[in-house]
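Please find below some comments on the model, arranged as numbered points.

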Amino acid sequence: MKKFLSILMVLVMILSLAGCGAKATTETETTEVPATDETTTETPAAPVEKKVITVSTKFVDNEQTAISLVKVVDAINERSGGSLELQLFTNGVLPIGKDGMEQIVQGSDWIMVEGINFLGDYVPDYNAVTGPFLYKSFDEFFAMMDTPLVQGLNQKIEEEYGIKVLSLDWVFGFRSMMTKKPITKPEDMRGLNIRVPTSQLYTFTIEAMGGNPVAMPYPDTYAALQQGVIDGIEGSIMTYYGTQQYENVKEYSITNHLLGVSAISISTKLWDKLTEEEQTILVEEFEKGMEENLAETIKAEEEMAELLKAEGVTFHEVDSDAFLQAAAPVFTKFDNWTPGIYDQILVELDKIKANQ
Ligand code: G3P
């Protein structure tokens with residue numbers, strides 16, 4: 001009897017295990033079968049693969065470029081329906097300048113908002129088309145960026161370095177001198193240590209204008225001014241007000257020697273991973289952002305000049321001809337520029353001026 005009971009128990013266990021197995025198989029097969037109810041007949045959508053992209057910039061949050069970038073990033077994330085997640089990092093908390101551009105060249109999931117001069121580290125002619133005192137208005141500059149000459153540089157940098165330039169038009173104002181003493185002529189710059197971005201174009205320009213260029217990333221300048229490591233910086237009214245440098249230096253001398261303008265760059269490796277629709281969204285939203293940044297910058301410059309005056313800043317006119325002459329040799333300093341590029345630029349500029 002005992003033996004009979006043992007055999008019976010074993011049989012029951014085998015049968016119940018077999019039953020479990022059958023049930024498991026049936027469940028796996030049936031869970032994906034859609035219900036027959038009309039409202040739930042659609043096949044569940046495949047989960048969207050999210051592409052997370054870092055957007056890195058030196059601008060601080062209350063500068064117009066950063067304000068416009070926040071809107072661009074939000075619009076792209078929303079329009080992509082969750083397939084793109086751009087994450088904006090301002091104030092240079094992530095690599096900017098040369099280090100930031102290296103991320104692009106190495107094909108990281110990265111968008112860089114940085115001076116066009118940093119494209120000049122790869123294709124030197126970018127420095128030629130953004131040289132000192134070339135432009136008197138934003139419109140002249142925009143027209144130059146549209147010429148076959150500059151579009152050719154965009155093609156070259158894309159093909160040779162995998163840097164896709166989405167925009168060259170994020171302006172933030174003409175750059176002038178912010179110092180402790182007024183500057184009206186090149187001699188006034190003598191002996192002054194002036195911070196410049198890490199760029200040959202800026203180094204040569206400030207040197208030619210009479211100062212001692214000291215290259216450092218912008219976020220380091222506030223402390224450097226306070227510690228006396230530098231005597232001044234150069235930049236736009238937006239930079240001056242937005243980064244509160246009026247707390248350190250109170251004289252703004254209007255040299256307008258270079259245009260403050262950022263390029264938007266992305267690696268071709270990342271670009272090629274995006275769908276056509278995602279590429280369109282990026283292009284269109286960065287274009288809209290550029291327009292907004294431009295309109296707001298133009299509007300805000302006058303207001304900020306007034307606010308700076310209220311903070312005790314004095315504005316100074318300078319001897320423009322003297323600075324123009326002093327800076328002329330900059331265009332002869334670059335032995336890596338395409339021979340004859342400066343003449344080509346002047347020809348294009350004449351055409352632009354004639355058409356405006
Ligand atoms: O916030 C910094 C920005 O306004 C200017 O940076 O490096 O072009 O002088 P930079």
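1. In this predicted model, the side chain of R175 places a polar atom 2.7 Å from an oxygen atom of the ligand. The protein buries 96% of the 310 Å² that the ligand exposes when taken alone.

2. For E63, a polar side-chain atom lies 2.5 Å from an oxygen atom of the ligand. For T239, an N or O atom of the side chain is 2.7 Å from an oxygen atom of the ligand.

3. Which residues are around the ligand? They are K58, F59, E63, F172, R175, R195, Y218, T239 and T243. By class, this shell divides into four charged, three nonpolar and two polar residues. R175 and E63 are among the charged ones, and T239 is one of the polar ones.

4. As to the site itself, the ligand takes up the space of the largest pocket.

5. A separate point concerns T90, which is placed in the loop between β2 (84-89) and α3 (97-105). Is T90 buried or exposed? T90 counts as buried because its relative accessibility is 12%, and the cut-off for buried is under 20%.

6. The side chain of T90 also has a partner: a polar contact of 2.6 Å joins it to the side chain of D61.

Key: Residues numbered from 1 in each chain as written. Predicted model: local features only at pLDDT ≥ 70, side-chain atom pairs only at ≥ 80, totals over all residues. Heavy atoms only, no water. Near = heavy atom within 4 Å. Polar contact = N/O pair within 3.5 Å; in protein donor to acceptor, adjacent residues only side chain to side chain. Areas by Shrake-Rupley, 256 points an atom, 1.4 Å probe, with all protein chains shown as cover. 1 Å grid on protein atoms, 1.4 Å probe; cavity = no way out; pocket = protein on both sides within 12 Å on 5 of 7 lines; lining within 4 Å. Sits in = over half its atoms within 2 Å of the grid points. Helix = DSSP H or I, 4+ residues; strand = E, 2+ residues; numbered from the N terminus. Buried < 20%, exposed > 50% of the residue type's maximum accessible area, 1.4 Å probe, protein only.
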